[in-house]
Amino acid sequence: MTPQQGAGLTSQKSRDRLVANLRNKGIQNERVLAAIAKVPRHLFVSEALSKRAYEDTALPIDAGQTISQPYIVARMTELVLAQENVTRVLEVGTGSGYQCAVLAELMDRVYSVERIKPLFKQAHRRLISELRYRNIRLRHTDGTWGWSESAPYEVILVTAAPDEVPQVLLEQLADRGRLIIPVGEYKTTQRLLLITRKGDRFHEQEIEKVQFVPMLKGQTK
Ligand code: SAH
């Protein structure tokens, strides 16, 4: 048995049960479900919490942040795949790296940025050194400013909630590109928005109510 496979509550059986649970909650995209069945979420939380990794719940990670609830990861990934032929995605808020890994299973290339240095480093070790994803690029930076060198993006997915949609992220969308972003104050009702670019116009659609940690400015040492 390798650490990646896990055993007992971190085993393939537990991942499959999580997939069944997500199916019951309305996740339908088989490619998304297959990615969730594959990525070892227990390696993205502390060892003390690894036995809870396949519950459908957000869990604390370092620096007061959280690894998103699997349902939300699945739902956002379904939105990414809702348009055909999406190959490149920018994620803002690497955190544990779990959402990034799920995306990497489905995309040619995933760019992800994180403002907290220790989280960036830990995600880098997990995703690049240990799990050996070759199609992930990580950067320690404030994602309010996107990642201009690799823009425009077909999809930008934000996993922390700003009060307002950052203008720069809209500017880094390709034509017909989509921004998936939770917006609203921390601990009040946030709305998950799907914003589609058509030329210089932006069409906004509300997906559902959500709860994310706040999107903050600046980067930490
Ligand atoms: N996608 C992550 C969710 C982590 S929580 C996962 O699967 O684990 C959201 C993360 O966004 C936190 O780590 C937080 O530090 C980060 N974040 C908040 N504001 C940010 C910003 N302006 N730029 C980059 N990362 C940010």
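Me: I'm looking at strand 5 (residues 136–140). Which side chains point to one face, and which point to the other?

Reply: Look at every other residue as you walk along. In this predicted model, the side chains of strand 5 alternate: Ile136, Leu138 and His140 share one face and are buried.

Me: What joins strand 4 to strand 5?

Reply: For strand pairs, check the bridges and the direction. Strand 4 (residues 109–114) runs parallel to strand 5, and 5 bridges join them. To find your place, look for serine 112, which stands opposite leucine 138.

Me: Now the nonpolar core. Which residues touch the most other members of the largest one?

Reply: Ile36, Val80 and Leu127 do, in a core of 55 residues. Helix 3 (residues 70–81) gives the largest share, with 8 residues. There's also a second, separate core of 19 residues, including Trp147, Tyr153, Val183 and Val213.

Me: What does valine 80 touch, leaving out residues up to four places away in sequence?

Reply: Its contacts are Val86, Val89, Leu103, Met107, Val155, Leu157, Arg178 and Ile180.

Me: And the ligand: which residues come nearest?

Reply: Start with the surroundings, then go atom by atom. Of the 27 residues around the ligand, Ser96, Glu114, Asp142, Gly143 and Leu216 come nearest. A polar side-chain atom of aspartate 142 sits 2.9 Å from a ligand nitrogen. Backbone atoms take part too: glutamine 99 has a backbone N or O atom 3.2 Å from a ligand oxygen, and a polar backbone atom of arginine 115 is 3.3 Å from a ligand nitrogen.

Me: How much of the ligand's accessible area does the protein cover?

Reply: On its own the ligand has 580 Å² of accessible area, and the protein covers 99% of that.

Conventions: Residues are numbered from 1 along each chain as its sequence is written. This is a predicted model: local features need pLDDT of at least 70, side-chain atom pairs count only at pLDDT 80 or more; totals for chains, interfaces and linings use all residues. Side-chain values use heavy atoms; hydrogens and water are left out. A nonpolar core is a set of buried Ala, Val, Leu, Ile, Met, Phe, Trp, Tyr and Cys residues joined through side-chain atoms within 4.5 Å. Buried means under 20% relative accessible area, exposed over 50%, partly exposed in between (1.4 Å probe, protein chains only). Helices (H or I, at least four residues) and strands (E, at least two) are DSSP runs, numbered from the N terminus. Contact means heavy atoms within 4.5 Å. A residue is near a molecule or strand if one of its heavy atoms lies within 4 Å of it. A polar contact is a pair of N or O atoms within 3.5 Å; within protein, one must be able to donate a hydrogen and the other to accept it, and residues adjacent in sequence count only if both atoms are side-chain atoms. Accessible areas come from the Shrake-Rupley method with a 1.4 Å probe; for residues, only the protein chains shown count as cover. Two strands pair if DSSP finds at least two bridges between them.
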